[in-house]
Amino acid sequence: MEIFRSSYDVLKSEYDTLENQQETLALEIPRLQSERDRILQEIQTIETKAQQVDILRRELDELEAKFRIKRNDLGSLKRKIEYLETEKANLENEIKWREIEIQTKEGKIKELQKEIKTLKEDLEEIKNSVDYAFQALKIPVEVKAKQMRYFANESDFLNQFKDYLKAKGLTFSDRVINAFHTSLKVQDISALVILAGISGTGKSELPQAYGEFIGAPLVMLPVQPRWDSPQDLQGFFNYIEKKYKPTELMRYLYQHQKQDDLKNRMVLVLLDEMNLARVEYYFSDFLSKLESRRNKPTFLEIEAGSLKLLDEDKRVKIPDQFLFVGTMNEDETTQSLSDKVLDRANVLTFGKPPELRLRGVKQTVETPKEYLSWETFNNWCQQPQEGSSVLESVKEYVNRVNNIMEALGRPFAHRVYQAIAKYVVNYPNALQNDNIRKKAIADQFGQKLLPKLRGLMVEDRNVKPQLDELKKIIDELGDESLKQAFEVARNGQ
């Protein structure tokens, strides 16, 4: 018990001491808490300042980077200023030289102004002389048909044209009308339509009526026996009068590119009795130009003596809208056509009428006041399509005939085949009707091939088999007119 009492006393003493310490510590706790709060507040403040320091450090780094860039830019600007100062000095020197040069040139300018004034006076004088020289060429063309005329289709056009011919008291077979119309459509390759035959068969009246019906101005050129050069067809420059003397053809060609009311319309050119003179003398060069129209724009040069012309007045274009027709009387006063002309033309022969009769009573027919546009007419023109059944049919006939012609020493080349093909595909209804297509082929055989047999010795034994073979092909076409023409030629009649 003593031991426990001693232990108790010790423990009691320690307890009291601890209680006193506890009381002391309890009194210290508020102060420590306050001190803790103060320290925490300072820590928070320091952290905030540390964040601000980081932000300021980053901004400082950025400013230092910008400073380095600006310092580099400053160096570049200094170098540029030095360069510009050098350029300024050079330019100031050049300006001084330019001022000296300008002063020198001002004197030359005054001299040039005087020269320009003189040239203007000369140009005005030349212009007046050109206007005087080409006064006749610049006379406007009278255009009667003012409004455009529309047709349902090409067949409607042909039917109305045939009615118009009947109303005028003119009688032509449908085949002649179709052949004439088709020949005009293919003038890009067969540049001329020739109406040949005895006098009084209406060769001139058909193209005139056609021109009236489509509202196309008609350029009538009566050929004279003395014609022997292209000047007779186009015109010439009179050196004595210092005037250009144009033909109606040249005037219409010139005005077609000047007058607005001639645009998009056709012009029909009629060479009346064209074989009174040698066609090769006055028309050969012009015919070659007509043929070249399908490949490129083609022009005629204007003869102007010593006059100085502007480029636009030096030459005259031959437009596609100009359709060329010629008439020929076949008698002892006329000239025959060469192969060059025949190859480039479609020849419609007007034979002796089956019976002679009086002309029908001519009715009063008003000339149409409207015109068929070139655009409409051109849309009716078809191009042969390679590989089509129609073209293959034409090619078969042509190849067979060409083999015969080669054996006879009269072969032909691409132009003739191309002309035949285009004629056939443009013949009315030939694409839809086999019999009509054969008629069109027969037309071309008569126009393109039979004339090549002129001068052939039909009595020659080597010729007869070839002519017999040619007769078989003609019989296949079933065209009586072609058969008769072939037999007459073969018999030398």
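In this predicted model, the largest cavity holds about 40 Å³ of space. The structure contains three cavities of 30 Å³ or more. The lining of the largest cavity consists of Val401, Met405, Phe445, Leu449, Leu450, Leu453, Leu470 and Ile474. Helix 11 (389-407), helix 13 and helix 14 (464-477) are the elements that each give two or more residues to this lining.

Helix 13, one of these contributors, spans residues 434-449 and includes Gln444. Gln444 counts as buried because its relative accessibility is 0%, which is under the 20% limit for that class. Apart from neighbours within four places in sequence, the contacts of Gln444 are with Asn346, Ala419, Ile420, Tyr423 and Leu449. Of these partners, Leu449 is also listed among the residues that line the largest cavity.

Helix 11 also contains Ser389. With a relative accessibility of 61%, Ser389 is classed as exposed, since the class begins over 50%. The C-alpha atoms of Ser389 and Lys110 are separated by 76 Å, and the two residues stand 279 residues apart along the chain.

Salt bridges number 31 in the structure. Two of them can be described within helix 14, an element that also contributes to the cavity lining. In one, Lys464 pairs with Asp468, with 3.0 Å between the closest N and O atoms. Lys464 and Asp468 are four residues apart in helix 14, about one turn of the helix. Both side chains belong to partly exposed residues: Lys464 has a relative accessible area of 46%, and Asp468 has a relative accessibility of 27%.

In the other, the side chains of Lys471 and Asp475 meet at an N to O distance of 3.0 Å. Lys471 and Asp475 likewise lie in helix 14, with a spacing of four residues, about one turn of the helix. Lys471 is partly exposed at 29% relative accessibility, and Asp475 is partly exposed with a relative accessible area of 31%. Elsewhere, salt bridges that share partners join Glu94, Arg98, Glu101 and Lys105 into one network.

Within that network, the side chains of Glu101 and Arg98 form a salt bridge with an N to O distance of 3.3 Å. Glu101 and Arg98 both belong to helix 1 and are three residues apart, about one turn of the helix. Glu101 is partly exposed, its relative accessible area being 30%. Arg98 also counts as partly exposed, at 43% relative accessibility. These values place both residues in the intermediate class because that class lies between the 20% limit for buried and the 50% limit for exposed.

Helix 1 comprises residues 2-133 and also includes Ile43. Ile43 is partly exposed, with a relative accessible area of 39%. Together with Ile39 and Leu40, Ile43 makes a nonpolar surface patch of about 250 Å².

Note on methods: Residues are numbered from 1 along each chain as its sequence is written. This is a predicted model: local features need pLDDT of at least 70, side-chain atom pairs count only at pLDDT 80 or more; totals for chains, interfaces and linings use all residues. Side-chain values use heavy atoms; hydrogens and water are left out. Buried means under 20% relative accessible area, exposed over 50%, partly exposed in between (1.4 Å probe, protein chains only). Contact means heavy atoms within 4.5 Å. Patches are made of residues with over 30% relative accessible area and no salt bridge: like charges are joined within 9 Å, nonpolar side chains (Val, Leu, Ile, Met, Phe, Trp, Tyr) within 5 Å. Accessible areas come from the Shrake-Rupley method with a 1.4 Å probe; for residues, only the protein chains shown count as cover. A salt bridge is a side-chain nitrogen of Lys or Arg within 4 Å of a carboxyl oxygen of Asp or Glu. On a 1 Å grid over the protein atoms alone, a cavity is a set of points where a 1.4 Å probe fits but cannot get out, and a pocket is an open set with protein on both sides within 12 Å along at least five of seven lines; lining residues have an atom within 4 Å of a point. Grid points are joined across faces, edges and corners, and a volume is the space filled by probe spheres set on the points.
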